[in-house]
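Welcome! Please take a look at the model below, and keep it in view while you read this short briefing.

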Amino acid sequence: MMPSEGENQDAHFKQEFDALWVELRGLGYDHFQLAALETRRAGESFVTMLMVGVMIAVLLVATWLGILTVGVLALIEQGVMVSSAVLAAVAVNLLFVLLLAGVLRRKSRFLQWPACLHSLRQKPNKQRNNPSTSL
């Protein structure tokens with residue numbers, strides 16, 4: 001008994017579909033592998049950037065303390081009492097803290113996505129709120 005032409009086409013279609021499915025799975029696996037490698041590299045880069053950022057912060061703090069020390073010593077050389085010179089350095093630090101706290105406060109409101117929230121709010125229906133316009 002010979003297989004009919006329709007059965008041959010069905011078998012050919014199944015073979016083509018199976019081959020396509022194998023290729024699709026392989027392509028999906030390749031994309032997944034690429035995404036995993038990129039994620040790993042991004043994570044390693046983030047950790048490196050974080051460590052370098054902490055090192056920079058420590059060096060900047062040391063530099064700032066050195067600048068304050070030079071300022072205090074310069075005031076002492078000018079005849080200012082040691083306690084007054086240290087108090088002046090503390091005052092300068094507090095002024096910078098207040099300035100930076102103001103910047104943080106102004107920028108913190110953008111963490112709440114105000115434009116997106118505003119665009120998602122439903123606009124009030126003026127006719128619903130105004131009883132004089134209803135019949």
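How many salt bridges does the count come to? The count comes to three salt bridges, where a salt bridge is a side-chain nitrogen of Lys or Arg within 4 Å of a carboxyl oxygen of Asp or Glu. This is a predicted model, in which local features need pLDDT of at least 70, side-chain atom pairs count only at pLDDT 80 or more, and totals for chains, interfaces and linings use all residues. Residues are numbered from 1 along each chain as its sequence is written, and side-chain values use heavy atoms, with hydrogens and water left out.

**The chain and its confidence**

- The protein chain has four helices and zero strands; helices (H or I, at least four residues) and strands (E, at least two) are DSSP runs, numbered from the N terminus.
- Along the sequence, the pattern reads α-α-α-α.
- The mean pLDDT of the protein chain is 87, and 87% of the residues score at least 70; pLDDT is the predictor's confidence in each residue, from 0 to 100.
- Confidence is highest in helix 2, at a mean of 95, and lowest in helix 4 (residues 126-129), at 58.

**Surface and burial**

- Of the 135 residues in the protein chain, 3% count as buried; buried means under 20% relative accessible area, exposed over 50%, and partly exposed in between (1.4 Å probe, protein chains only).
- The accessible surface of the protein chain is about 12800 Å², and 70% of it belongs to carbon and sulfur atoms; such areas come from the Shrake-Rupley method with a 1.4 Å probe, and for residues only the protein chains shown count as cover.
- Phe46, Val47, Leu50, Met51, Val54 and Val58 make a nonpolar surface patch of about 590 Å².
- Patches are made of residues with over 30% relative accessible area and no salt bridge: like charges are joined within 9 Å, and nonpolar side chains (Val, Leu, Ile, Met, Phe, Trp, Tyr) within 5 Å.
- Val58 has its place in helix 1 (residues 5-77) and is exposed, with a relative accessible area of 54%.

- Side chains of opposite charge can pair when their charged atoms come close.
- Asp18 pairs with Lys14, with the closest N and O atoms 3.2 Å apart; the two are four residues apart in helix 1, so about one helical turn separates them.
- Arg40 is exposed at 56% relative accessibility, whereas Glu44 is partly exposed at 43%.
- Arg41 and Glu38 meet in a salt bridge of 3.7 Å, N to O, and they lie three residues apart in helix 1, about one turn of the helix.

- Trp64 lies in helix 1 and Phe96 in helix 2, so the pair ties together parts that are 32 residues apart in sequence.
- Val92 has its place in helix 2 (residues 82-108), and its C-alpha atom is separated by 8.8 Å from that of Leu68, 24 residues apart along the chain.
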